[in-house]
Amino acid sequence: MPETSPPRPWTLQDIPTMQNMDRYLSMLRALRQFLPRGTAAPEVPADMNGLTFRTANDIETILMEADQAVTNLENSWFVSGEIDAGGF
């Protein structure tokens with residue numbers, strides 16, 4: 001599992017290194033791995049060389065799917081006994 005702590009915020013003057021981008025894609029792969037089955041999330045690009053609007057949109061789609069999964073989890077909590085003890 002890759003290190004997932006966020007880096008400092010980027011500025012317009014920052015130029016990402018290959019190491020930065022490899023780490024970013026590694027975190028994105030780890031995130032995608034835990035998305036629910038059946039999501040529309042595309043595959044993570046192999047690298048950032050030749051990044052196109054399509055691959056950038058794929059990255060955005062993965063992040064949006066992850067955000068939706070978290071929202072769904074937050075909205076699907078159960079009170080103790082509701083499911084197991086017949087407390088419908």
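Modeller: Let's start with one term: two residues are in contact when heavy atoms of theirs lie within 4.5 Å. The model is predicted, so local features need pLDDT of at least 70 and side-chain atom pairs count only at pLDDT 80 or more, while totals for chains, interfaces and linings use all residues. Residues are numbered from 1 along each chain as its sequence is written, and side-chain values use heavy atoms, with hydrogens and water left out.

Biologist: Happy with that. What does M21 touch?

Modeller: Setting aside residues up to four places away in sequence, M21 touches W10, P16 and M48. M21 and M48 are 27 residues apart in sequence, yet their C-alpha atoms are 6.7 Å apart in space.

Biologist: Why does M21 count as buried?

Modeller: Buried means under 20% relative accessible area, exposed means over 50%, and partly exposed is in between (1.4 Å probe, protein chains only). M21 has a relative accessibility of 17%, so it counts as buried.

Biologist: How many helices and strands does the protein have?

Modeller: There are two helices and zero strands. M21 lies in helix α1.

Biologist: How do you know that the span of α1 agrees with what it should be?

Modeller: The expected span is 1.5 Å times one less than the number of residues. For the 16 residues of α1 that gives 22 Å, and the end C-alpha atoms are 22 Å apart, which agrees. The 22 residues of α2 should span 32 Å, and the end C-alpha atoms of α2 are 31 Å apart, which agrees too.

Biologist: Which residues of α2 are buried?

Modeller: They are I59, I62, A66 and A69. Their directions, taken from the helix axis to the C-beta atoms, fall within an arc of 80 degrees, so these buried residues line one face of α2. The face turned away from that side carries the exposed residues F53, R54, M64, D67 and E74.

Biologist: And what covers the buried residues of α2?

Modeller: The cover includes α1. In turn, α2 is part of what covers the buried residues of α1, namely M21, L25, M27, L28 and A30.

Biologist: What makes up the largest nonpolar core?

Modeller: A nonpolar core is a set of buried Ala, Val, Leu, Ile, Met, Phe, Trp, Tyr and Cys residues joined through side-chain atoms within 4.5 Å. The largest one here has eleven residues: M21, L25, L28, L35, A41, V44, M48, I59, I62, A66 and A69. The elements giving two or more residues to this core are α1 (18–33) and α2 (53–74), and α2 gives the most, with four residues. In soluble globular proteins, nonpolar side chains tend to be buried together.

Biologist: Why is I62 called buried?

Modeller: I62 has a relative accessible area of 0%, so it falls on the buried side of the cut-off. Leaving aside neighbours within four places in sequence, I62 is in contact with L28, R32, L35, A41, P42, E43 and V44. The C-alpha atoms of I62 and V44, 18 residues apart along the chain, are separated by 8.1 Å.

Biologist: Next along is L63. Why is L63 called partly exposed?

Modeller: L63 has a relative accessible area of 34%, which lies in the in-between class, so the label is partly exposed. L63 is also in helix α2. Not counting residues up to four places away in sequence, L63 touches Y24, L28 and L31.

Biologist: What makes the meeting of E43 and R32 a salt bridge?

Modeller: A salt bridge is a side-chain nitrogen of Lys or Arg within 4 Å of a carboxyl oxygen of Asp or Glu. For E43 and R32 the N to O distance is 3.3 Å, so the pair meets the definition. A search of the whole structure finds one salt bridge. This pair joins E43, in the loop between α1 and α2, to R32 in helix α1, eleven residues apart.

Biologist: Why does E43 count as exposed?

Modeller: The relative accessibility of E43 is 59%, so E43 counts as exposed. At 24%, R32 counts as partly exposed.

Biologist: How much of the protein is made up of buried residues?

Modeller: Buried residues make up 17% of the 88 residues.
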